[in-house]
Amino acid sequence: MRCPWHHPYLQKAVSFKRKLPFAQTRQSRESSPAPGMRHAQPLKRDYDFLYTMPARSGAIGTEGGTLMPCTTILVGKDATYDGSTLMARNDDSGAGKFTVKKYVLITPEQQPRHYESVTSHIQLELPDNPMSYTCCPNVEPGTGYKSEAGINSANVAMSATETITSNPRVLGADPLVPGGLGEEDFITVILPYIKSARDGVLYTGRLLEKYGTYEMSGIGYSDADEIWYLETIGGHHWMARRVPDNAYAVIPNQLGIDYFDFEDAAGEQKNCLCSAGLEDFVKNNHLDLSMDPGDAFDPRAAFGSHADSDHTYNTPRAWWMERYFNPNTFVWDGPDADFRPDSDDIPWSLVPEKKITVEDIKYVLAGHYQGTPYDPYMHHGDKSMAGAFRTIGINRTAFLGVLQMKHNGTSVEWLSFAANEFNALIPFYQHITATPAYVGDTTMDVNTNSFYWTSRLIAAMADAVDRETASIIERYQNRTMNEAHAILDACDPKIAAAADEETRVKLCMEANQKLADMAEAASQEALSQVLYTLSNNMKNAFSRSDA
């Protein structure tokens with residue numbers, strides 16, 4: 001395991017601990033508590049050198065959340081397979097809802113100058129110099145923009161929002177603002193105006209401090225060099241951390257940042273940014289819950305919430321994702337596990353054991369606890385715990401956006417719609433004047449001319465006969481991913497070498513149409529095969545044909 005922060009003391013600590021049996025590097029403790037019970041003291045302090053936080057840190061706290069949708073993963077450029085940054089989020093609808101989405105380009109002419117939200121009715125006069133940007137807005141009229149994720153013409157990406165929570169101490173000191181900003185608004189009022197990931201954090205911060213927010217949110221920003229993640233605190237405050245270049249971070253609907261350096265935020269601002277007066281806000285409202293004044297500040301304990309429902313809805317997702325990327329770093333299973341599905345101190349970020357690919361992200365964000373007793377698709381063995389936890393890939397996913405940011409003009413947004421277990425992830429270039437009709441012309445009418453609706457149909461039918469259609473879905477996903485990479489590999493050098501913007505746009509438009517046509521052909525074939533399989537499994541089926 002490489003030391004996530006290049007500090008001589010930490011390198012020495014890693015070297016020393018590698019000489020010890022794994023059991024000796026953990027704090028001695030009494031036997032593991034019964035399921036649902038928590039240790040009184042953190043167990044991972046001997047592992048601080050593995051967490052992606054500065055050397056002087058050491059506190060990992062608790063967090064919480066109510067039952068809200070979305071799962072986020074952020075991967076720094078030195079932790080990805082090709083040196084790009086990767087920012088991904090499942091945009092999940094609320095329980096019992098299925099939000100219809102499309103993928104479009106908003107040009108400067110289409111960007112509103114006067115903005116009014118449907119949710120909070122906030123009205124803003126927007127700057128007169130917007131950039132073009134892609135996004136995934138709602139299709140249903142009257143539900144607001146909720147554009148969720150996209151990339152602007154300055155090669156900056158944004159994903160908003162990951163719903164998180166807080167606690168009464170924070171919300172009593174700085175209440176939420178019913179007429180403030182929220183998920184519906186952020187992409188539309190921020191993405192067209194920011195020039196870097198860091199700029200996005202500061203731009204958002206100014207809006208939050210001025211107008212406030214009506215909900216707790218996590219927002220991601222990325223460019224080809226950096227990823228930043230911002231979490232709102234009460235109605236007007238906020239904090240943000242830069243994801244280390246050699247690490248990944250996971251966020252499952254909880255206030256997740258587990259270390260924050262006020263000294264850096266007030267000075268060099270290399271890894272931390274925050275609202276004006278946040279440190280005083282913490283002191284004046286007695287939010288720091290550290291027992292020892294010398295302990296590192298724990299923002300999860302200070303700003304986050306804690307609920308029993310976390311242990312079925314939120315923490316299991318973080319546990320399974322980090323178990324996938326770091327299977328040998330910690331013990332994840334059994335009575336002597338370092339982290340369990342109900343652990344409240346699962347790290348916000350870690351250095352992965354191998355570099356992370358787009359395929360890894362798709363697999364993780366389609367996760368349903370494969371290889372554990374909690375898999376709802378389990379067909380063998382003891383099924384008593386199957387379906388106990390909220391899966392990462394869920395039936396009500398509206399879309400998955402994987403924003404892959406590169407330096408050479410070849411940034412792409414990988415898109416899939418509906419449940420990730422059964423859909424296909426397709427990339428689209430960003431130097432364009434419009435998006436292909438297959439992803440951009442979606443309506444509220446169910447039809448197979450839309451990638452969204454075709455994906456919904458495949459998922460709903462394949463789920464009903466998941467065992468019988470497993471090979472069909474596997475072939476469908478492999479085919480689309482293989483062909484997508486082939487198209488990118490052929491087009492990337494041409495786009496990077498384009499002599500001017502007009503040529504680059506033409507090449508990107510042609511590539512995107514080729515990708516959409518490929519996705520449509522593969523999806524139609526998969527839909528036909530799944531329909532055939534499901535039809536053969538109807539209850540009124542009979543083996544004998546007519547004489």
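## Cavities

In this predicted model, a search of the whole structure finds three cavities of 30 Å³ or more. A cavity here is a set of points, on a 1 Å grid over the protein atoms alone, where a 1.4 Å probe fits but cannot get out; lining residues have an atom within 4 Å of a point. Grid points are joined across faces, edges and corners, and a volume is the space filled by probe spheres set on the points.

The volume of the second largest cavity is about 40 Å³. Its lining consists of T72, L74, M87, R89, S159, E162, G218, I219, G220 and Y229. Two or more lining residues come from each of β1 (71–75), β2 (85–92), β8 (157–163) and β9 (217–222), and β9 gives the most, three residues. Strands (E, at least two residues) and helices (H or I, at least four) are DSSP runs, numbered from the N terminus.

## Sheet and helices

β1 and β2 also belong to an open antiparallel sheet of seven strands, ordered β14-β12-β1-β2-β15-β16-β17. Strands pair if DSSP finds at least two bridges between them. The edge strands, β14 (349–350) and β17 (426–429), each pair on one side only. Four bridges join β1 to β12 (248–251); T72 has I251 as its bridge partner in β12.

Helix α10 (358–365) lies across β1, β2, β15 (397–405) and β16 (412–417), at about 25° to β2. Helix α12 (451–464) packs on the sheet and touches β15, β16 and β17, with about 45° between its direction and that of β16. Contact means heavy atoms within 4.5 Å. Axes are lines fitted to C-alpha atoms, for helices over the stretch in contact, and angles run from 0 to 180 degrees between N-to-C directions.

## Basis

Residues are numbered from 1 along each chain as its sequence is written, and side-chain values use heavy atoms, with hydrogens and water left out. Local features need pLDDT of at least 70 and side-chain atom pairs count only at pLDDT 80 or more, while totals for chains, interfaces and linings use all residues.

Technical notes:
On a 1 Å grid over the protein atoms alone, a cavity is a set of points where a 1.4 Å probe fits but cannot get out, and a pocket is an open set with protein on both sides within 12 Å along at least five of seven lines; lining residues have an atom within 4 Å of a point.
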